[in-house]
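Grab a pencil and work through these exercises with the structure open beside you. Try each task before you read its solution.

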Amino acid sequence: MWLKLLEKVLANSYKIHHHFYQLLELKRVHKSFWKKLLWSWVIFWIVICAWMFSFYNHHAIEKRKVTLASMCVERARMLQDQFNASMTHVQAISILISTFHHGKNPLAIDQRTFAKYTEKTAFERPLMSGVAYAIRVLHLEREKFERQQGWSIRKMNTVQQNPVHKDIHMPEKFEPSPVQEEYAPVILAQDTVAHMVSLDLLSGKEDCDNAIRARESGKGVLTTPFRLLKTNRLGVILTFAVYKRDLPADATPKDRVEATDGYLEGIFDIESLAENLFQQFAGKKTILVNLYDTTNRSQPISMYGSEVYVDKLEHVIALNFGDPLRNHEMRCRFKHKAPLSWLAITTTGSTLVITLLLGYIVFATMNHMAKVQEEYNRMVELKKKAEAADVAKSQFLSTVSHEIRTPMHGVLGILDILLDTDLDVTQQDHVRTAQASGKTLVSLLNEVLDQAKIESGKLDLESVPFDLRAIMDDVLSLFSGKSQENGVELAVYISHRVPDMLIGDPGRFRQIITNLMGNSIKFTEKGHIFVTVHLVEEVMETTDIEREASSRNTLSGFPVPDKRRSWAGFKNIGQDGRNCSLSPDRISVIVSVEDTGEGTGIGLSISKCLVTLMDGELGFVSIPKVWGTRGIFGSSLVCLFRDYLLEGRFLLWMTIM
């Protein structure tokens, strides 16, 4: 499955790559268009990366908000629960006082009993630093009350502070409470706030208002935050009214005032208690918590926490401490600035890098293709110039050859006429020498003309039946006299398996064999020249045809290379000797010209061109300097021929060994 998927991806990638290069190769598209497209691509992806960074960063901020909200809610819930528990227990104490202090005679609760009880039940009021009870005393009862208690009712404070005022630690130094309709001196207090005994709660305006609101509403009410003397920390007081009798649910404020017997206060040291409470989250000291009294929204009072912060992210939760006229809230912030979003940075950075790399690749590809296109155009121009020069050269050679051959034929004709005149022996010898030189020059001009025709593509091949054996006999008779003069043995062998009639160009075939044998006659001083014609199958299957470079296996005894090496590099013959490119109705013929000489010339070049033109192969192999100082080479030339039987064009392969 993975392999198939990979194949599909590679196939689609190839198609995209192919179409992309086709688009780049359009000449009609202006170069500036690609630059604009590239810049548009880069700018587009920069915008996308900016959006991605904003998206991931916003996601990180939202996640941070959720985390902050969760931590803040957890702290607010614990603070709210413990405050409610403390308030409930203070209300229970008020009921206890109403039942066992005012409902009994003699009184069942005194200062010692109250202090001991409140100390043992302090764990039920985790946020309170102390509890105190103040009894309601009318002015007519003040003198009698002071004689019974043994102390005077004293004023709470001498200087009012708005909204914060100080508690006084030494009540005996306070001034006596001024004359007023009623008083509320503290008679019962927890040991932690025992300094409040004898202080009149109604002597201060704010405390008076707080007590009045408590007895009229029948609910707990809170004071404005103020600093306590002992700890110098901000605190608030929770006040409950204690009634002489049970009141109905629909009691009026007047009924409640008349039934009021005293006031029970619970003192909250906000800073200390909140700090102890939040210590339970010691493992999560990652946020800052602030508590505010927001009764006055324009000037909120800070009850707990630092006003110095570095992170602007804030979560606010409203707190309900039971007093409908007082508003409180908790504000939470992280202690440290938000860290960088590595997901946003890595994702955006990776995308931007990949985009820039792709843009650079496209830019480099465009430049490379522009250079390649320029080089291609330049090469096309050079090719056209070279072809034009080659055509001009071929035309020049053809023209010159024609122009030179015409007077040469005239010279040869005059020499033939001159030989028919009365000449002495010396003159006849000179004329024959000049005639032979002229014929050689004409032959050379013919070869140059053929070379020019081949290069210009104007040489056409015939396709006619011909007798290969007759051509070989003619060529042999042409060179037999020269070989006898040089003392070189000349022989031709044609296998009986070679057909009598072949189809091809007999003139060019004769020219190739003549050039090869003429080259051998010209450069072979001694030894032999041996021409063989076989079918490819016959040569590859018969081991008798193999020849080693030894004197007993050659015609003259001189060493020559192994013929089998000559066709080893033929492209159209396989390892088993079969023709790889022919159909069953064709045959393959190999012509080998073996000699013990050396040399080359334009004749071999013409033969190579003709063989190539006839879709053939020509190969050569030799043994260098087998005759030492004379520099004679043993060599073997092999031609591979292919033809259609009875019809079609004769095709030629020649390979020199």
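**Exercise 1.** Work out how far apart Trp 51 and Phe 55 are along helix α2, in helical turns.

*Solution.* Step one: the two residues are four apart in helix α2, so Trp 51 and Phe 55 are separated by about one helical turn. Helices here are DSSP runs of H or I with at least four residues, strands are runs of E with at least two, and both are numbered from the N terminus. Before going on, note that this is a predicted model, where local features need pLDDT of at least 70, side-chain atom pairs count only at pLDDT 80 or more, and totals for chains, interfaces and linings use all residues. Residues are numbered from 1 along each chain as its sequence is written, and side-chain values use heavy atoms, leaving out hydrogens and water.

Step two: check the cover, where buried means under 20% relative accessible area, exposed over 50% and partly exposed in between (1.4 Å probe, protein chains only). Trp 51 has 55% relative accessibility, so it's exposed. Phe 55 has 45%, so it's partly exposed.

**Exercise 2.** Classify the ring pair of Phe 44 and Trp 45.

*Solution.* Step one: a pair of aromatic rings is described by the distance of the centres and the angle of the planes. Rings of Phe, Tyr and Trp (its six-membered ring) pair if their centres lie within 6.5 Å; planes under 30 degrees apart are stacked, over 60 edge-to-face, and the rest tilted. By this rule there are nine aromatic pairs.

Step two: the centres of Phe 44 and Trp 45 are 5.8 Å apart and their planes stand at 80°, so this pair is edge-to-face. Now compare Trp 51 and Phe 55: their centres are 5.5 Å apart with planes at 15°, so that pair is stacked.

Step three: look at the neighbourhood. Phe 44 and Trp 45 form one aromatic cluster with Trp 41. Phe 44 is partly exposed at 47%, Trp 45 is partly exposed at 25%, and Trp 41 is partly exposed at 34%.

**Exercise 3.** Which strands are joined to β14 by bridges, and how do they run?

*Solution.* Step one: two strands pair if DSSP finds at least two bridges between them. Strand β11 (residues 287-293) is joined to β14 by seven bridges, running antiparallel. Strand β13 (residues 314-319) has six bridges to β14, also antiparallel.

Step two: pick out single partners. Val 289 is bridged to Cys 332 in β14, and Ala 318 to Glu 329.

Step three: check the cover. In β14 (residues 328-334), seven of seven residues are buried.
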